[in-house]
Amino acid sequence: MAASFNFTSPTHTHPSRLVCPTLVHRNCNSTISSYPIPKFSFSSVRSIDPRPRPKSDTEIKRRHASVVVSALKNLSDTELVAVPPETDAVPGTFPSSSGVYAVYDGNTDLQFIGISRNIAASVVGHRKSVPELCSSIKAGVVDEPDRAALTQAWKTWMEEHISATGKVPPGNEPGNSTWVRKPPKKKSDLRLTPGRHVQLTVPLEGLIDRLVKENKVVAFIKGSRSAPLCGFSQRVVGILESEGVDYESVDVLDEEYNFGLRETLKKYSNWPTFPQIFVNGELVGGCDILSSMYEKGELAGLFRK
């Protein structure tokens, strides 16, 4: 005798009244077997989301920093390298990359642990400002150097030193400003003309040419160096001053003393946007190019030329 499965529809049935499929003889209404499902309440079943919980940006950055810094050598395992007496030789001795560095005096006592976007440039600055405390360096390059990774690298070396000696390096103690680079005194912005109503005896293009050739570094920016009026100009000023560059600045928006400068400079440099940075009379480029060179640690070599 053939048999078939008869499924009771649960569509409008309370969960406690659901039953398992029933085996029924075809052409017969008698039930061979029926097994009711044990009673339970759906409210007692906790919903579990199988999807992974999304990580916060802070957690992602922290884990990324830990992965990047894991390739960094311990402070004790990093080679101690003497600082050359000539500052021009420093970039060839130490990396012009981002990372963490430790400064030792003539007695090989650790004086300071710092982080930098350009280790070689930082060493040059320390060598000039505190030569008696900057005799040798340990340097660790940090790949993919965002702020979190650099901070984690600094923390790793600092904790290792404190664990070994029980004390903080003198230069890292609160209130110690020995290793803080003092910003250079701000210059005034240059004016190319005595005023827009004064007849020029030299064409404006000639004044531009003389300016960029008589000064090592000239930045044509929007606004003044003390108050840039666009984000790109602010970025350029920040980079130049962080590198300790002695530069001249010209406000291309000054219609009183630099009247007509924007259009004339575009023709002179064959560069359509601002800011514009000149080094030794040659156009380097704008904000993007300067920022890229800064991130790669190439500015120290550029400004030494």
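Reader: Where does Pro275 lie?

Author: This is a predicted model. A cis peptide bond joins Phe274 and Pro275. As for its place, Pro275 lies in the loop between helix 7 and strand 10.

Reader: What is omega for the bond between Phe274 and Pro275?

Author: The bond that joins Phe274 and Pro275 is a cis peptide bond. Its omega is about 5°.

Reader: Is Asn270 buried or exposed?

Author: Asn270 lies in the loop between helix 7 and strand 10. Its phi is positive, near 55°, although the residue is not glycine. The cut-off for exposed is over 50% relative accessible area. Asn270 has 68%, so the residue is exposed.

Reader: Where is Thr108, and what is its relative accessibility?

Author: Thr108 is a residue other than glycine with a positive phi, near 55°. Its place is in the loop between strand 5 and strand 6. Thr108 counts as partly exposed, because its relative accessibility is 47%.

Reader: What is the bridge partner of Val81 in strand 7?

Author: Strand 4 and strand 7 (residues 136-141) run antiparallel. Two bridges join them. For Val81, the bridge partner in strand 7 is Ile137.

Reader: Which residues does Thr78 contact, leaving aside its neighbours within four places in sequence?

Author: Thr78 sits in the loop between helix 1 (57-69) and strand 4. Thr78 counts as buried, because its relative accessibility is 9%. Its side chain reaches the backbone oxygen of Asn74 at 2.8 Å. With those neighbours left aside, the contacts are Lys73, Lys138, Ala139 and Trp157.

Reader: How many residues apart are Phe112 and Trp179?

Author: The structure holds four aromatic pairs. One of them is Phe112 with Trp179, at 5.2 Å centre to centre and 5° between the planes, which is stacked. The pair links distant parts of the chain: Phe112 is in strand 6, Trp179 in the loop between helix 4 and helix 5, and the separation is 67 residues.

Reader: Are Phe112 and Trp179 buried or exposed?

Author: The cut-off for buried is under 20% relative accessible area. Phe112 has a relative accessible area of 12%, so Phe112 is buried. Trp179 has 7% relative accessibility, so Trp179 is likewise buried.

Reader: Which residues do ring pairs link into a cluster with Tyr101?

Author: The cluster is built from ring pairs. Besides Tyr101, its members are Phe112 and Trp179.

Reader: What is the average twist in the open sheet with the order 9-8-10-11?

Author: This sheet has four strands and mixed pairing. Strand 9 (248-251) and strand 11 (282-285) each have a single partner strand, so they stand at the edges. From one strand to the next, the twist averages 25°.

Reader: What angle does helix 5 make with strand 8?

Author: Strand 8 (residues 217-221) pairs with strand 9 in the parallel sense over four bridges. Ile221 has Asp251 as its bridge partner in strand 9. Helix 5 (residues 204-214) packs on the sheet and touches strand 8, strand 9 and strand 10 (276-279). The angle between the directions of helix 5 and strand 8 is about 135°.

Reader: Which strand does helix 7 run at about 55° to?

Author: Helix 7 covers residues 261-269. Helix 7 lies across strand 8, strand 9, strand 10 and strand 11. The angle of about 55° is to strand 10.

Reader: Which ring does Arg225 lie over?

Author: Arg191 lies over the face of Tyr257, at 3.9 Å from the ring centre. For Arg225, the distance to the ring centre is 4.0 Å.

Technical notes
Residues numbered from 1 in each chain as written. Predicted model: local features only at pLDDT ≥ 70, side-chain atom pairs only at ≥ 80, totals over all residues. Heavy atoms only, no water. Pairing = 2+ DSSP bridges. Axes fitted to C-alpha atoms, helices over the stretch in contact; angles between N-to-C directions. Contact = heavy atoms within 4.5 Å. Phe/Tyr/Trp six-rings, centres within 6.5 Å; stacked < 30°, edge-to-face > 60°. Buried < 20%, exposed > 50% of the residue type's maximum accessible area, 1.4 Å probe, protein only. Lys NZ or Arg CZ within 6 Å of the ring centre and 35° of its normal. Polar contact = N/O pair within 3.5 Å; in protein donor to acceptor, adjacent residues only side chain to side chain.
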